[in-house]
Structure formats: C-alpha cells, structure tokens
Amino acid sequence: MHRRLFPRTLALVAVVAAAATTGAPTATAESPTPAATRLDATIDAILADSRLAGAQASVVVKDAASGETVYHRNGDRRLVPASNTKLLTSAAALELLGPDHRFHTGVLAGGPRRGTVVAGDLHLRGGGDPTMLAADYDALAAKVAGSGIRVVTGNLVADDTRYDDTRLGPDWTWDDEPYYYAAQVSALTVAPDTDYDAGTVIVHAAPAARPGGRPVVTTTPATGYLRIDNRATTVADGDTSISFERVHGGNTVVVTGQIAVGDAPASDWVTVWEPTGYAADVFRSALRRHGVRVLGRTVLGRPTPAAAVEVARHDSMTLVELMVPFLKLSNNGHAEVLTKEIGRVLAGSGTWPAGIAAINGYVAGAGMDPTTFRQRDGSGLSRRNLVPATEFVDLLAAVRAEPWFPAWYAALPVAGEAERFVGGTLRSRMRGTPAAGNVHAKTGSLTGVSGLSGYVTDADGRLLAFSILLNNYLASSVKGLEDQIAVALASYTEQGAGAARTAPPAVAEPPAAPEDRECSWVKPIAC
C-alpha cells in the first residue's frame, strides 16, 4: 500500500524545521488575519445557536492544497458521523477495487446437457451486484432460453456464498430493520428501481372503485415472495394515510389506513426478509415466462460446483459509475456491499470485519490516524462509528492526489442543484447562496446526529476541505446551521467587503428528515 506525506505531516515538518532554525517554540502560530478573525467569529456565532445547547459540535476547515487550518473547533473529538462514514468506504473502494471494478451475476448448468434438458441443477450465482433489477433477471432468463435449455430436472440453486450470511450490521437498531435504508445485505439480491435500493420491494396501494372496498395492492417488481395482509379501506373522501409495514422475521406486509376514491396510489419501499430468496423468486418467474421449466425446488445458499458450466452472465456498471447513485442518494446498501466486496477481493472473506480492516488500512495510508477513530460498518448506520472531524478533513485533502478523485468529487452531492443525480441529498439546501453549485459534500443524519463533510471553494478561489459534526442535540434539525457555515466559507475572502461579515449568513432552513432515518429515506430526497 502506498503512503505519502500529507498536509498534516508536512505542516508539522515545516514547524519543527522552523523551530530548529529560529529557536521559536513549536506551539507558536502566526497571528490570524483580520478576515480570519471575523470568520472565526461568524462560525462561533453559528455554533452558539440555542439548538446546540448541551450538544457537541466539531468543525474543522483547512486549505485543501496547503493544509493550512482555516478554522478548528473540537476537531479531535470523536463523534458519531452517520453517513459521513461513506467517505471512507467510497474512497477505499475506488482505490482497492479500482474504478473499473464490476459485479458479475451468472447462471450455470450443474449437470450435463441432453438436448434441451439440463440433467441436474441450475445455479444462479450472485456476485454482489446491488444494481440487479427484475429486467436484468429477465434478460438472464432470456439468455438461458436462447441457449436452448427448456427443462431443468434438478433444483434452482441460489448461490449467495460470495459473502457471509450475516445480513444486518451488528449495531443496527431493530426498529430500522423494515425500512429500505437498513435492507439485508446479500451477494444475490434485487433492486426495484434505478435508485438501486437492493433488497427492497416498492408496495403500492390504489383505491378501490367504490368506498368501502379494499385498496388494490401491487408490488414493484411483481413477486410472490411477499404476502400482503390488506387491512386498509377505500373512503369516499378525506386524506390518504396508507401505511405499509413488514412483520419482523418474515415477508408479510401489513397494509393499514385509508385512501380516497380517485386518489393516486400510495407507495413505499419495504425491505424483504432474506433477499437471496427474493432474487431466486424473481429469476424463477422470469425463467417460466421464457419457457424454461425447473422441475425441482428452490434451494438457497449452496455454492456452485467448480464443474458447472456458465450459460448466461450479467455484468454490472463500473464502480466509478456506481458512485453516483451511491453517494448522491446516500445508499446504505451500496456501502455495505462494497465493504464486503473489499473484504472478499483483498482477504478472500466477504465479511464486515475483513472489509473494514482493509478500508482502515487504506485510509491510514491516506492521511488518517487509525488510532483516533472507530468504524463499524460501511454506511454509518451504526452509532458505534466514531470519527473526529479533523480526520475527515485530512482524508479529504489527501485523496485529491488520487487519479479517481475528479469522478469521486463529481459524485458527491452538490448544494442547491435540483437534479436528483447532481444535487442528491443537498438538492434542496443552500439554494440562492454562494454555496449553491459550489459545495460538494456528504450529508449524514440520525436522530440527534448530523454531519456535512466535503469541499467548498471560497471567494478567493481556494478549495477548502471541511467537516461539520453535530451530536446529542434535541432540536428536530440543525442542518440550517451546517448550511450557514458552508455559506460563510463560500463567501470567505482575505480581501474586500466579504471578509467583514461576522453575523451568520441568512440561509433557508432545509426540510427536516424523519425521526431516526437517514436523509435519503425521504423520496424524493428532501433533506
């Protein structure tokens, strides 16, 4: 693994060298400029907001090129970073797997071919692809049929053994489990649409033709893997208030509430219990549509024999392309798949511990101090993740030297850009300010936890790396305070009137995220 001297190290070397020459104490820093003093006062005033009373706040800002500290407040304090954790996971994935890395899903015949018959099992081998759609499984089935196979005498075997069978992060809270952002992780799965929330189904409820009737419930994709317990009612008029909840430990989805005649269907994303079986169900249905009969049953979790012969294959988009839905929409499932894929590729073990060890090894060689932080998953859903803001900033400064940096920078959410796959989780924030179209940063949200870490170009054209971590607040949202800091940085200049600002800039308060859910939970993204 390559190692470099990064800004923090270079700055320390310079200070020590100066002290050796002049005899000055190494702790002495240059006096701040008047502009810097005013910026300090501005950010201090923002952090004095009553919404942060009794909370913990950590803010670090550095010149990304020189490593010069622009602002530092509790930067060494370990705080819960939420989805800012994805900065570590995504950077490590691009470096360790490579921008051109792809996931492969294969269909293999496990027995001899006798004309149109496979005398044995048909294996659906998962490669971890989190972007597999029902249409992709249909295309695989079409290829199987196109190869001449019409009958499989054995079983359909769903091989998810590229990764282990630990489906949920060890620290994830039980009440998150039905929601799409905490979907189970498998090497063989299905995403319902091009947001690529693998391991989920979109459930729709349309009103019946007359009041009193049960709503018509359908799913995307169509699957028999879920059982619908429809307790909802169609009403003549009134507000639609439909709720979808999967019962823990199985695939029964209870639909409750009401929907008015003539209203548009209500929809929500629901996780499935055991996504390997979900993928097998979707694929088996596709085989049936294409005239391929599997006489045996569906078997989960059995490895594909080495002698099996591939008859169809699907290759995913490249990893660098995946960075766009992953980072723009803060996709937790992508983060966890990449963590296990890193473990599989580097250590031969598709597990969280193996993947996290490799991620930590990379970031340790890219400017972070591994003795100062703890990472427990790839996405930031665990509250046992603890990272100081200064470590995020050091990573942000260091990765600018990587050849994949321009693509990674572009994949980060961009403030105030309305297009979902440009603005992402920042699409509704900082509009009409100097930060709009300027700030490229990763958001993070859990109850009592908010973060924003990334880059902003100041009014003098300097690229600043910054990290804002806010923990243990009781307010419904503190994202407006993050935005005020980002706007102050975008407006910062060492010259001219812009440097005279000391009051916090006026910024519209972004919509609050639902309680204890990542910002990306809201569809379309609203935080």
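Author: Happy to! A helix here is a DSSP run of H or I with at least four residues, and helices are numbered from the N terminus. Keep in mind that this is a predicted model.

Let's look at helix 6, which spans residues 319-328. Seven of its 10 residues are buried, leaving the helix mostly covered. Those buried residues are Leu319, Leu322, Met323, Pro325, Phe326, Leu327 and Lys328.

What do the buried residues of helix 6 pack against? Their partners are helix 3, helix 7 (332-347), helix 10 (405-411), helix 11 (420-423) and strand 21 (440-446).

Now zoom in on helix 3, residues 86-96. Its axis and that of helix 6 come within 10 Å of each other, crossing at roughly 170 degrees. An angle over 145 degrees counts as roughly antiparallel, so helix 3 and helix 6 are roughly antiparallel to each other.

Which residues make this contact? From helix 3 come Lys86, Ser90, Ala93 and Leu94, and they meet Leu319, Val320, Met323, Phe326 and Leu327 of helix 6. Sorted by type, the residues of this contact are seven nonpolar, one polar and one charged.

Finally, follow the chain past the end of the helix. Just after helix 6 you will find Ser330, which takes a positive phi of about 55 degrees.

Notes. Residues numbered from 1 in each chain as written. Predicted model: local features only at pLDDT ≥ 70, side-chain atom pairs only at ≥ 80, totals over all residues. Heavy atoms only, no water. Axes fitted to C-alpha atoms, helices over the stretch in contact; angles between N-to-C directions. Helix = DSSP H or I, 4+ residues; strand = E, 2+ residues; numbered from the N terminus. Parallel < 35°, antiparallel > 145°, perpendicular 65-115°, else oblique. Contact = heavy atoms within 4.5 Å. Nonpolar A, V, L, I, M, F, W, Y, C, P; charged D, E, K, R; others polar. Buried < 20%, exposed > 50% of the residue type's maximum accessible area, 1.4 Å probe, protein only.
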